[in-house]
Amino acid sequence: MMKPFVRIGYILACCALLTVGSGRAWAKTDLIWWHSMPGALGAWIDDLANGFNSQNPDYRIVPKYQGSYDASMQAALAAHGQGKAPHMVQVFEVGTATMMAARDVIRPVYEVMAQAGLDFLDNAYLPAVQLYYSSLDGKLLSLPLNSSTPVLVVSRKALAQAGLPPGQVPTTWPEVETMARSLLKSGYECGFTSQWQSWILLENMSAWHDVPFASKQNGIGGIDIELKFNSPFHVHHVEKLASWVKDKVFVPIGRRDEALAKFLDGTCPMLLATSASYGELKASTNRDFAIGMLPYWPEIQWAPRNSIIGGATLWVMNGHPPGDYTGIAQFFQYLSTPEVQAASHQRTGYLPITRAAYSLSRRQGFYEGNPEAEMAIKQITLHWPTENSRGVRLGNFVAIRAVIDQQLDAIWAGKVTAQQGLDEAVRKGNELLKAFARDVTVKR
């Protein structure tokens, strides 16, 4: 018979061998996720990772903040060339064409899910979201994470001060002008302002009125495209905005999200803003506001159509062990569940993304207490997207937006006419598109 102390030693040795032989069962595989969400949204990202990690014995999502969207995307592409790419990177919608062109660098979501053998329905997403991030044959290329669309926000306090109905939100551009002038007469120094002027005042206005921003379905149908936003419609729209700048009916404030601060401090009582601002609006002291859809020009008989999205998706990077992609697929399946999507929507103000998450939020009574949060969803699903309202997907889009912003600023300042400014933006933008097409052709 084996002596007691010998038996104990034998058992411990066997346990040690089992531990070594099944190391993967005791240690999770890290999956690195680069993102561009600071502050409160960064905490949301961490919670998404922790929620998955707590349920999964084999994989651990490790979020890492990498700065701005553009910086993170460029860093991820560079890291791939060095063999140091993350497993996933959060890329804004402006970078979609760039990521699609990097065919050897990325792995499409539909392939990741199919290889893992997991059920995944591309058409589970809201049409405007799914169609934008899919190939022409409807296959999802990246996983929608945070999508937004612009809306019109109005201060109820300001409306009351101007003797206007506190819940009244203008629906057309002439109504916006009338309300803005009433607000100016009541003592305000600004009628309305706007965040993200290229995205809201040009890209979304094109989709909202079913007018092309660029050829070939706004770039979704190919890379040999030309910009179209110097049409008579666009010139009339921008010309009108420029005329309002003189009277402070419209006060341009920055190129990105700087205008939100002027609404929150009460300077500008009307704001064209991303729906993703909803959480910040609710948390502010100036929380008594109403939200409406984007204004449209009533002379365009078929308007409005649907607005288009902003935000970001998760792109999967190539170059990792095969087993890692099983973990990524499981994480994506977790992110796509109605419960996770609905909770994210209600917490952040981003769109619920999937139909099931929208339905769940309704059943939970979220919109009864937060009716303004549903306006963006109604607007983006107002009609099925057309070729002009599916989205704008351009190569070198970051640089093109910079050109547009430069010309819009010159128009607002009266240095050039609307026609001159838009013509110049189209000319320079087309040069950037041709350069992108040449680069893609060479890489192929």
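The lining of the second largest cavity divides into 8 nonpolar residues, 4 polar ones and no charged ones, where Ala, Val, Leu, Ile, Met, Phe, Trp, Tyr, Cys and Pro count as nonpolar, Asp, Glu, Lys and Arg as charged, and the others, Gly among them, as polar. A cavity here is a set of points, on a 1 Å grid over the protein atoms alone, where a 1.4 Å probe fits but cannot get out, and lining residues have an atom within 4 Å of a point. The model is a predicted one, so local features need pLDDT of at least 70 and side-chain atom pairs count only at pLDDT 80 or more, while totals for chains, interfaces and linings use all residues. Residues are numbered from 1 along each chain as its sequence is written, and side-chain values use heavy atoms, with hydrogens and water left out.

The second largest cavity has a volume of about 80 Å³, a volume being the space filled by probe spheres set on the grid points, which are joined across faces, edges and corners. Among the residues lining this cavity are W44, L48, L145, Q341, H345 and Y350. Helices α3 (39-55) and α16 (338-348) each supply at least two residues of that lining, and α16 provides the largest share, 5 residues. Helices (H or I, at least four residues) and strands (E, at least two) are DSSP runs, numbered from the N terminus.

In total, the structure holds 3 cavities of 30 Å³ or more. The largest cavity comes in at about 110 Å³. Its lining counts 17 residues, and S275, Y278, G349, A373 and A376 are the closest to its centre. At least two lining residues come from each of β6 (150-155), β8 (270-274), α14 (278-283) and α19 (375-380). By class, the lining of the largest cavity has 11 nonpolar, 5 polar and 1 charged.

As for the overall layout, the chain is divided into domain 1 (29-148 + 310-381) and domain 2 (150-307 + 395-443), with bounds that come from an automatic or database domain assignment. The C-alpha centres of the two domains lie 27 Å apart. Across the boundary, 22 residues of domain 1 are in contact with 29 residues of domain 2, contact meaning heavy atoms within 4.5 Å. The largest cavity lies between domain 1 and domain 2, because both give residues to its lining.

The largest pocket also takes residues from both domain 1 and domain 2, so it lies between them. A pocket is an open set of grid points with protein on both sides within 12 Å along at least five of seven lines. About 1,200 Å³ of space lies in the largest pocket. Of the 39 residues that line it, Y69, W196, R256, D257 and Y350 lie nearest its centre. Elements giving two or more residues to this lining include α3, α4 (69-81), β5 (143-148), α10 (197-208), β10 (310-317) and α16. Helix α20 gives the most, with 4 residues. The pocket lining splits into 16 nonpolar, 14 polar and 9 charged residues.

Turning to the strands, 4 of them form an open sheet in the order β7-β8-β6-β9, with mixed pairing; two strands pair if DSSP finds at least two bridges between them. At the edges sit β7 (193-194) and β9 (289-292), each of which pairs on one side only. Strands β6 and β9 run antiparallel and are joined by 4 bridges. Helix α10 lies across β6, β7 and β8 and runs at about 75° to β8. For these angles, axes are lines fitted to C-alpha atoms, for helices over the stretch in contact, and the values run from 0 to 180 degrees between N-to-C directions.

The peptide bond from A303 to P304 is cis, with omega near -5°, and P304 lies in the loop between β9 and β10. N218, a residue other than glycine, has a positive phi, near 60°; N218 lies in helix α11 (residues 215-218).
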